[in-house]
Amino acid sequence: MDLRVRALESVLTQKGYVDPAALDALIDTYQTKIGPRNGARVVAKAWSDPQFADWLASDATAAIASLGFTGRQGEHMVAVFNDADQHHMVVCTLCSCYPWPVLGLPPTWYKSAPYRSRAVRDPRGVLAEFGVTLPDTTAIRVWDSTAELRYLVIPRRPAGTDGWSEDKLADLVTRDSMIGTGLARQPGSAS
Ligand code: FE
C-alpha cells in the first residue's frame, strides 16, 4: 500500500496535479495541530450546556463549527448520543472515513480490514477486545461513515462530575470514546 501511494503521489506530482509541499502542510496540520482534543471540547460542552446538546443533535455541523472546528473531512457531521439503552460505534467499512476536524487522523486500527469487517458483524466482540463490556440491555448501533457524512459519538457523562468545568470534563473524553470503541474516563482514573 505504501508503495502504491508513493507511486500515485509521484505521478500526480509529475503531472502537476499536486504540490508535495501542500500535502506535507496538510498532513502536519492534522497530525500535530488538530486532534481528538477538539472533539473533547465538543463533548464537554454538550455535557454542560443542554442547548448546545440540542443544537448538536439537530445540526452537528453548525454546532461544531461554532467552536471553530471546521474543514476537510468534517463538512457534514452527525452527532450520536450514547445512553443506557443504546451505544453507538463508528466504522468506515469501505476505507477510513473519519471526522478530521474533531478527531485528527484516524488510528491505524480504524483503517484495518479486521476492524472494518468485524465492527459490523460482531460489534460486541470488538468492544470486548477494547475492554468495553456493556450490559445486554444496551443495544449497539454501528454507523458506517462515508465520504459524505462523518459521525461523532457523544459518550455518556461519567457519574460524580456534577458542577465540573468544561475543561475538567474534557479531560475525561478519550478519542476512542468518540469513536464508540471506548467509554469516557471515570473521575479519579489515571489519564
Ligand atoms: Fe472511508
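Donors to a metal are here N, O and S atoms within 2.8 Å of it (3.2 Å for Na, K and Ca), and because water is not among the atoms, sites may look incomplete. By this criterion the donor residues of the iron ion follow the spacing C-x2-C-x1-C in sequence. The model is a predicted one, in which local features need pLDDT of at least 70 and side-chain atom pairs count only at pLDDT 80 or more, whereas totals for chains, interfaces and linings use all residues. Residues are numbered from 1 along each chain as its sequence is written, and side-chain values use heavy atoms, with hydrogens and water left out.

The iron ion is coordinated by the SG atoms of Cys92 and Cys95 and by both N and SG of Cys97, at 2.1 to 2.6 Å. Four donors count as tetrahedral if all angles lie between 85 and 135 degrees; four count as square planar and six as octahedral if opposite donors are over 155 degrees apart and all others between 65 and 115; anything else is irregular. The four donor atoms around the iron ion subtend angles of 80 to 134°, and the arrangement is therefore irregular. Cys92 is buried, at 0% relative accessibility, while Cys95 is partly exposed at 38% (buried means under 20% relative accessible area, exposed over 50%, partly exposed in between, with a 1.4 Å probe and protein chains only).

Strand β2 spans residues 86–91; helices (H or I, at least four residues) and strands (E, at least two) are DSSP runs, numbered from the N terminus. Five of the six residues of β2 are buried, so this strand is largely enclosed by the rest of the structure. Its partner is strand β3 (residues 139–144), with which β2 pairs in the parallel sense over six bridges; pairing requires that DSSP find at least two bridges between two strands. Within this pairing, Val90 has Trp143 of β3 as its bridge partner.

The structure also holds seven salt bridges, each defined as a side-chain nitrogen of Lys or Arg within 4 Å of a carboxyl oxygen of Asp or Glu. One of them joins Arg41 and Asp167, at 2.7 Å from N to O. Arg41 lies in helix α3 (residues 36–48) and Asp167 in helix α10 (residues 166–170), so the pair ties together parts that are 126 residues apart in sequence. Arg41 is partly exposed, with a relative accessible area of 33%, and Asp167 is exposed at 51%. Asp28 forms a salt bridge with Lys33, their closest N and O atoms being 3.1 Å apart. Arg118, Asp122 and Glu129 are linked in a network of salt bridges.
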